[in-house]
Amino acid sequence: MLNTVYLDALRKREETLSILKGQRFKQILEEARRNWVEYTPQKQDAIIVGIDSSYNSTKFQGLELWVVTAVSVKSDGTMISEKHSQGLGTPNPELVTQASQMEIDACVASVDEADLVALDGSLYSQFMTRQASLAITLTSAIKKKHNVIFVSKTSVTRNQFSKLGSLAGDIFYYNHAIKKSGFSKIFIDKEFGPGKVISSVYARLSDSTPLIKIELLGSEHNESEIKSLLDKLCKNSVSGYPYALKLAHNNCKITHTDLARLVSLYGLGNEVGSREVLD
Amino acid sequence: MNIGVVIGEAKPTEVTAQSSRPLSVGEYVIVDSQNGKLLGLVERSIISSDALADVRNFDEAMESKEVAELNIRDKNYKVKIRILGFLDKLQKGQPIVPAIPPLPGTTILEATESDLGIIFAPKEKEWIRIGSLLRNSEIEAKINLNKIVSRHIGILAMTGMGKSNLVSLIAKHVATLQGTLIIFDYHNDYTNLNVTKISVTDAKINPRLLQADKLAEVIELRENADKQQRVLRESFTQSVRQAKDFWAALEDGVSAFGHTTKGYADSASRVLDKIDDAKHRFSDILDPDCGDPVDLIKEGRVNVLSVAELSERQANVGLSYYLQELLNDRKDSYWAKKGRKISGKNNKFSAPIFVIIEEAHVFIPKGEHTDTKYWASKVAREGRKFGIGLGIVSQRPRNIDPNVLSQMGSLAIMKIVQDDDQQQIASAAESLSKDLLTQLSSLNIGDAVLVGQWVNLPSIVHVDEVKGKTIGSDLNAVSEWAESSKFKEIAAESTQGLIQKDLLMD
């Protein structure tokens, strides 16, 4: 079977990779270059807080053992907020909503403690998938000091080059077009209506590092504000990614091993199906 | 003071701990277990940084370094601790390991002087100070001299790492305690040993007292020269042994045998040449009129017997003779004390003696028979009963006979880099763990791992430097060259001044 797959791949190679070649691809890259602002961030001292959440669960015979965590941590390792929830049964509200609520709680607890609060992920997903009540809490937390941003290493949004027939996410074309540090011109998306306007840029903190996507709430942002933002992020970043976010991720992630430990602590190790988490 | 917590899987003999500060390998700690305080030895110490893990390039390393310095939680200090036993039992000399491992979460405490002092520096007079614990430097490190004499020691290290200093230190203490120590000094390292009650003499060989095959070795007859060996054997009669002029009698005997036995004239002539050669070359060593060479050794003193002038074969004959005689003397003395006098002669040594053999790999080699090896092995086996201790010193443990090495009840191991040397030591010393073994290459001059019966616990110590020591140190070639060229200049100047140029002829 696999041999057939491989042969087919060889046959279709040119056609499949055509998205990386050709006139249309070159056109998009050209557009991406035009849209790029070259800028070398100057390291600026700032207290940066990273926020991230994690959830995991295991199911056996209709039961679900679940756990949700969220943390808010400074670049120097100081914890500002640690939240968690766990239970046996059907999680209510669903885990993703609980995680989002915790992130927002952590954000509320952090805005007064830092120069910049960076949440891992996207404002889009917050507005698209979360309950409306959460969006209100979130926007009011962001507006309190206007120091909250969303940072993601990957993005699938295809807003900027769709009119040129782009097939991949916008980040893909920026990554291919430019290797220098800087950021894309601010893209303003008003899709979610007033009060939920999202401004976003793709940024590179130093040459040849991976791009990150930065999202901010509202439309009143300018390039000098983005430059100042990059200056602050640059100070404590490793390979173009804010260290506070790395710390937050490392501190909150619930791995299968952690879940297996929890299964053992609950004394559920002998329940049928419970050992699957150990695999 | 709380310095860590047991984490992960714990075993009765080994735990892993997360510590609040980096702990040194060789440091003693207290594991405050549910069943009582346990003494632990840090055998492995690992520091890691979350930020600096999995760094892919230099730029990333520099950025990670910056954030790592900022993050107070970045560093991770993990240690592996070997559990040596319950502290209170160890203080009474009983190494009792717990049956149940310490629970994860058990506190690790700093070991204090009162915890360790009783174990490493007992007050009894047989315990002598040798230095201080390397990682707990306020604690004295002592060794039990009784165990050295009764169970033997091996001092193993690379050249220049402090073997002769340790021997000197032991010698100094033995001299203070009026013990008898004999050092077979192969490189004249101990002739200037600064201790009271020292006797420095050249080791002698009295040819009258040797067996014919040993005399053949001493005068350097080839082992496979069967005819020459026979000439000597037949000529070395009892009357020759007792003759007033030993060499003349031996030469007469050899000549006579050559003349009277058909086909042996040439061989006898070669033996005569060898005798003549030995008489002249080794006149200081081969002394038929020196009586019993063992008489050179003085009881209650440090005796340095120089074997530097002897060839390896001669030294081997000399050493084996001394070891044999010393063991026999101690045996006689022992039986005499028990009321069973065997030989008629008076015993020279009434109290236990301790013998140190330098360059042990030459005299007690692996895979090769030597007489010294035979007698050293016998002393190692029987010495405990009869009061003769053996100390072997070597920089090449891999070349020492493993049977003899494994009979050394105590070991001082200093810096050893070669893997096969380490493996040989590991197989000889059961109490030396793999982790402790890996530390041998990182020891500095004067640092030693002490294992065996002369210490209550395996310990890493820094040996005191013997003050005024003029032994075993490397030559200062640079300053000696400078001194020598200075004298040349003086000589050149003084002669130039004496030449009257107007008297020189064209």
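**Helix H3 of chain A.** I looked up which residues of H3(A) are buried, meaning under 20% relative accessible area, with exposed over 50% and partly exposed in between (1.4 Å probe, protein chains only). They are A:Leu95, A:Thr97, A:Gln98, A:Ala99, A:Ser100, A:Met102, A:Glu103, A:Ile104, A:Ala106, A:Cys107 and A:Ser110. Helices (H or I, at least four residues) and strands (E, at least two) are DSSP runs numbered from the N terminus. H3 covers residues 95-110 of chain A and reaches 22 Å from its first C-alpha to its last. That is close to the 22 Å expected at 1.5 Å a residue, the expected span being 1.5 Å times one less than the number of residues.

**Ground rules.** I note that this is a predicted model, where local features need pLDDT of at least 70 and side-chain atom pairs count only at pLDDT 80 or more, while totals for chains, interfaces and linings use all residues. Residues are numbered from 1 along each chain as its sequence is written, chains are lettered from A and ligands numbered from 1 in the order in which they are written, and side-chain values use heavy atoms, with hydrogens and water left out.

**Confidence.** The model scores ipTM 0.71 and pTM 0.68. For chain B I noted a mean pLDDT (the predictor's confidence in each residue, from 0 to 100) of 86, with 93% of its residues at 70 or more.

**Chain B overall.** I found 17 helices and 17 strands in chain B. Of its 506 residues, 50% count as buried.

**B:Lys378.** This residue is in helix H13 (residues 371-386) of chain B. B:Lys378 is buried, at a relative accessible area of 16%. Leaving out residues up to four places away in sequence, B:Lys378 touches B:Leu327, B:Lys331 and B:Gly383 (contact means heavy atoms within 4.5 Å).

**Salt bridges.** I took a salt bridge as a side-chain nitrogen of Lys or Arg within 4 Å of a carboxyl oxygen of Asp or Glu. The structure holds 30 of them over all chains. B:Glu110 and B:Arg21 meet in one at 2.7 Å, N to O. B:Glu110 is in strand S6 and B:Arg21 in the loop between strands S2 and S3, 89 residues apart. B:Glu110 is partly exposed at 29%, and B:Arg21 is partly exposed at 26%.

B:Glu60 and B:Arg56 also meet in a salt bridge, at 3.2 Å. Here B:Glu60 is buried at 6%, whereas B:Arg56 is exposed at 66%.
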